[in-house]
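Please look over the chain shown here.

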Amino acid sequence: MSKSKTEKRMTTKSLVILALLSAISIILSRFCVIYFTESLRLSFGNIPVIIAGIMFGPIGGAVMGGVTDVLGSTLMSGLGWYPPLTLTPILMGLIAGLLKQFVRKNTKFYKVLILTLAANGAGTMVWSTLSLSWLYGIPFMTQAVYRFPFYAGVAVLEAVIIFALIKSGAFKSQLFDKNLR
């Protein structure tokens with residue numbers, strides 16, 4: 001007897017993959033990062049969040065992004081956890097999950113680029129900039145002037161990396177496994 005969509009549950013394999021992606025995201029966000037200012041940093045910690053969204057859909061991507069941010073900022077950040085910023089990786093995983101079929105059907109670079117620009121646009125560029133303006137008291141537009149172009153460039157680099165990973169076959173069985181939830 002086959003299960004309906006509402007009866008499908010997260011498998012052990014799915015949880016392990018999400019945990020690994022979360023660990024990779026924390027390492028990339030907390031240890032492989034270059035700070036230019038207090039509100040501008042170069043990190044590729046969003047890549048695993050976007051991949052989780054593509055693999056597990058909007059809920060899996062959003063939950064993984066949120067859990068990763070809370071764990072990473074609580075356990076490994078000298079600055080501590082700032083709740084409004086947690087919405088950034090949640091939005092990124094959610095948007096990547098909502099756009100996953102766009103990328104999965106016929107994976108082309110421009111599709112991955114659109115997905116990463118959409119995720120970064122809503123998450124890093126808009127919400128994160130707004131949250132940081134609240135945190136540091138710097139006007140939104142003052143930060144947007146330098147953050148938007150910078151993170152658009154980061155999104156392009158993330159798209160190149162994600163596209164290369166997809167095309168290399170690194171996630172092929174997981175990306176196209178209909179039973180993976």
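Is Ile59 buried or exposed? With a relative accessible area of 66%, Ile59 is exposed; buried means under 20% relative accessible area, exposed over 50%, and partly exposed in between, with a 1.4 Å probe and protein chains only. The model is a predicted one, in which local features need pLDDT of at least 70 and side-chain atom pairs count only at pLDDT 80 or more, while totals for chains, interfaces and linings use all residues. Residues are numbered from 1 along each chain as its sequence is written, and side-chain values use heavy atoms, with hydrogens and water left out.

Ile59 is found in helix α2. Helices (H or I, at least four residues) and strands (E, at least two) are DSSP runs numbered from the N terminus. A nonpolar patch on the surface is formed by Ile27, Phe31, Ile59, Val63, Val67, Leu71, Leu75 and Met76, with about 810 Å² of accessible area together. Such areas come from the Shrake-Rupley method with a 1.4 Å probe, and for residues only the protein chains shown count as cover. Patches are made of residues with over 30% relative accessible area and no salt bridge; like charges are joined within 9 Å, and nonpolar side chains (Val, Leu, Ile, Met, Phe, Trp, Tyr) within 5 Å. A salt bridge is a side-chain nitrogen of Lys or Arg within 4 Å of a carboxyl oxygen of Asp or Glu. Helix α2 (residues 46-76) gives the largest share of the nonpolar patch, six residues.

Next come the rings. The structure holds five aromatic pairs; rings of Phe, Tyr and Trp (its six-membered ring) pair if their centres lie within 6.5 Å, and planes under 30 degrees apart count as stacked, over 60 as edge-to-face and the rest as tilted. Phe36 and Phe150 are edge-to-face, because their ring centres are 5.6 Å apart and their planes are at 75°. This pair links distant parts of the chain, 114 residues apart: Phe36 is in strand β1 (residues 33-37) and Phe150 in helix α6 (residues 140-168). The rings of Phe150 and Tyr151 have centres 5.0 Å apart and planes at 90°, so they are also edge-to-face. Phe36 is partly exposed at 48% relative accessibility, and Phe150 is partly exposed at 23%, whereas Tyr151 is buried at 7%.
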